[in-house]
Amino acid sequence: MTAQIIDGRKIAHVLKAEVTAEADDLRAQGTSCGLATVVVGDNYSSRAYERRLGRIATELRVRHEQVDLTADITQDEVLETIRRLNEDPAVSGILVLRPLPSHISEIEVFRALAPGKDIESVHPENVGLLALGTPRFVPSTAASVFHLLDAWLDSVGEDRASFYHRSLIVVVGRSNNVGKPAISLAYDREAAVMSVDEWASKEGRLGWHTRQADVLVVAAGVAGLIRAEHVRAGAVVIDVGINPLADPATGTVHMVGDVDFDGARARARAIAPVPGGVGPVTDVWLIRNTVAAARAANRH
Ligand code: NAD
């Protein structure tokens with residue numbers, strides 16, 4: 001079997017058109033959509049992600065405010081910045097990028113966010129709403145996983161509900177920002193759900209779990225963790241991992257996923273690759289949430 005490729009770039013392209021139309025519609029009604037990204041310190045990946053989001057926001061005609069704070073800023077100053085953004089009518093969505101420096105309390109910063117502007121659903125109220133199956137905003141990476149799955153099911157003419165109802169979804173990785181929200185969304189689709197983390201690997205049980213998966217979502221941050229022998233024949237594999245890998249010959253760094261693509265492709269029915277799978281949709285989803293936040297704020 002050679003798996004179909006789930007083309008995230010193509011799916012993101014369609015989503016971009018929808019989000020742009022929605023943002024244009026709101027602007028015509030006098031409502032502004034604005035994304036504020038907050039980075040504390042000099043983390044290379046956070047800055048790169050912030051620049052990429054800025055480019056996409058501009059492309060989708062959404063305002064972007066980049067708030068770069070120095071690593072020696074105090075907790076109170078960060079909270080003051082969040083309060084300013086909460087009050088700013090030009091900002092409809094706020095994203096605080098991780099990691100924060102160790103002297104800043106992540107949970108206190110997340111608690112300070114206005115829930116209606118918390119587009120990545122990190123405020124405890126939004127985490128709770130997501131767990132209850134009534135999310136205000138669906139966090140972008142988990143949303144992207146299921147958007148890809150839904151789009152692929154539509155493309156092959158399979159009924160979404162009956163596919164999920166008969167499927168076991170195994171999620172590898174259990175972080176607050178990817179694994180757990182993905183598990184919540186799998187519950188919402190009324191699938192059978194299994195969640196594993198690094199202990200499954202340490203105990204030599206990873207393959208035992210993953211080989212049962214009809215849908216295997218991998219978000220561990222370990223390059224090549226999932227190989228052909230971890231994949232059930234005919235499974236659908238969604239690779240979330242993004243790992244920098246240097247070519248030993250040239251030193252050039254490129255990004256690879258958590259899944260050995262060639263090995264898994266030979267066994268799976270469909271696979272979302274890295275790059276070109278989850279990533280492109282994640283970025284657009286965040287802007288989509290920013291626009292949705294503007295619309296919701298305008299209703300009050
Ligand atoms: P994290 O480090 O916060 O969490 C990793 C999780 O994987 C933990 O639950 C850990 O126990 C588990 N894990 C680690 N090693 C494992 C192993 N050997 N076997 C099984 N489980 C293991 O990471 P995160 O923020 O959840 O991100 C995971 C990956 O997804 C990273 O590569 C990250 O870059 C990527 N990511 C991609 C996107 C995207 O848009 N494509 C967005 C966010 C994160």
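This is a predicted model: local features need pLDDT of at least 70, side-chain atom pairs count only at pLDDT 80 or more; totals for chains, interfaces and linings use all residues.
I started with helix α1 and looked up its buried residues: Gly8, Ile11, Ala12, Leu15, Val19, Thr20, Ala23 and Leu26.

Next I checked the span of α1. The helix covers residues 8-28, 21 residues in total, and reaches 30 Å from its first C-alpha to its last. That is close to the 30 Å expected at 1.5 Å a residue.

Then I went to the two ends of α1. At its start, a side-chain oxygen of Asp7 comes to within 3.1 Å of the backbone nitrogen of Arg9. After α1 comes Gly30, and its phi is positive, near 85°.

I moved on to the domains. The assignment gives domain 1 as 32-117 and domain 2 as 139-279. I noted 28 Å between their centres, taken over C-alpha atoms.

Now the nonpolar cores. The largest one has 57 residues, and Ile6, Phe146, Ile169, Val236 and Ile238 have the most contacts inside it. Which helix gives this core its largest share? I got α12 (residues 278-299), with nine residues. Domain 1 and domain 2 each supply at least three residues to this core as well.

Leaving aside neighbours within four places in sequence, Val236 touches Ile6, Leu149, Trp152, Phe163, Asp214, Val215, Leu216 and Ala270.

Last entry: there is a second, separate core of 20 residues, and Ala3, Val172, Met194 and Ala264 are among them. As a general reminder, nonpolar side chains tend to be buried together in soluble globular proteins.

Methods
Residues are numbered from 1 along each chain as its sequence is written. Side-chain values use heavy atoms; hydrogens and water are left out. Domain bounds come from an automatic or database domain assignment. A nonpolar core is a set of buried Ala, Val, Leu, Ile, Met, Phe, Trp, Tyr and Cys residues joined through side-chain atoms within 4.5 Å. Buried means under 20% relative accessible area, exposed over 50%, partly exposed in between (1.4 Å probe, protein chains only). Helices (H or I, at least four residues) and strands (E, at least two) are DSSP runs, numbered from the N terminus. Contact means heavy atoms within 4.5 Å. The expected span of a helix is 1.5 Å times one less than its number of residues. A polar contact is a pair of N or O atoms within 3.5 Å; within protein, one must be able to donate a hydrogen and the other to accept it, and residues adjacent in sequence count only if both atoms are side-chain atoms.
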